[in-house]
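Here is a short briefing to read alongside your own view of the molecule. Take a moment to look at the picture before going through the points below.

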Amino acid sequence: MSDGAAPSDPEKRFLDRIERRARFLKLLFIAELGVYLSPDELQRKRTIETLVRMTARQSELPHLRPETLKQAYEIVQSHLEAMQRVLPHDVQYRNRLRRHW
C-alpha cells in the first residue's frame, strides 16, 4: 500500500461501519433523543475513542492508520456533540457545556 493512496479494504470496511453507526446516531437525534456525554472533556474523549476502537474488528485494528481512526473519531464526535442540545436543560447545565447550538 502506498502512502496517500485510497483507503485499504480493512479501512474502507471500518469507515463504512462507522458511517452506518453515524446514520443510527442521526436517527436518534432526529427522534430528539440524545446520548449523555460526561462533562469532563478528557473522559469524553476517551469514551469516544473507546467506542471507535470497539467498532473496529480485531483483525482490522493492525491495518488501521492513525489518520483513519482520527477521521472515525471526528465523525462519531460530531454526531454525539450535536445530540447534547436535545438533552434537558438541567443536564446541559450540569454538563457545563458552553457551546452555541
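**Salt bridges and the overall fold**

Lys12 counts as partly exposed, at 46% relative accessibility. Please keep in mind that this is a predicted model. The protein chain holds four helices and zero strands, and from the N terminus on its elements run α-α-α-α.

**The chain as a whole**

- Of the 101 residues in the protein chain, 33% are buried.
- The accessible surface of the protein chain is about 7100 Å², and carbon and sulfur atoms account for 55% of that surface.
- If you take the contacts between residues at least 6 apart in sequence, 80% of them join residues at least 24 apart.

- A search of the whole structure turns up seven salt bridges, and one of them brings us back to Lys12, which pairs with Asp16.
- In this pair the closest N and O atoms are 3.3 Å apart.
- Both Lys12 and Asp16 belong to helix H1, where they sit four residues apart, about one turn of the helix.
- Asp16 is partly exposed, at 34% relative accessibility.

- Which residue meets the side chain of Glu11 in a salt bridge? The partner is Arg65, with an N to O distance of 2.8 Å.
- Because Glu11 lies in helix H1 and Arg65 in the loop between H2 and helix H3 (66–83), this pair ties together parts that are 54 residues apart in sequence.
- Is Glu11 buried or exposed? Glu11 is buried, with a relative accessible area of 0%, whereas Arg65 is partly exposed at 26% relative accessibility.
- Glu60 and Arg13 also meet through their side chains in a salt bridge, at 3.8 Å from N to O.
- This pair links distant parts of the chain, with Glu60 in the loop between H2 and H3 and Arg13 in helix H1, 47 residues apart.
- Glu60 is buried, having a relative accessible area of 2%, while Arg13 is partly exposed at 42% relative accessibility.

- Ile48 is part of helix H2, which spans residues 41–55.
- With a relative accessibility of 2%, Ile48 counts as buried, because the cut-off for a buried residue is under 20% relative accessible area.
- Which residues does Ile48 touch, once its neighbours within four places in sequence are left aside? They are Tyr73, Val76, Gln77 and Leu80.
- The C-alpha atoms of Ile48 and Ala72 are separated by 9.6 Å, and these two residues are 24 apart along the chain.

- Which residues form the positive surface patch? Four arginines make it up: Arg20, Arg21, Arg23 and Arg57.
- Arg20, one of these, lies in helix H1, which covers residues 9–30.

How values were computed
Residues are numbered from 1 along each chain as its sequence is written. This is a predicted model: local features need pLDDT of at least 70, side-chain atom pairs count only at pLDDT 80 or more; totals for chains, interfaces and linings use all residues. Side-chain values use heavy atoms; hydrogens and water are left out. Patches are made of residues with over 30% relative accessible area and no salt bridge: like charges are joined within 9 Å, nonpolar side chains (Val, Leu, Ile, Met, Phe, Trp, Tyr) within 5 Å. Accessible areas come from the Shrake-Rupley method with a 1.4 Å probe; for residues, only the protein chains shown count as cover. Lys and Arg count as positive and Asp and Glu as negative; His and the chain ends are not counted. The place of a charge is taken as NZ of Lys, CZ of Arg, CG of Asp or CD of Glu. Helices (H or I, at least four residues) and strands (E, at least two) are DSSP runs, numbered from the N terminus. Buried means under 20% relative accessible area, exposed over 50%, partly exposed in between (1.4 Å probe, protein chains only). Contact means heavy atoms within 4.5 Å.
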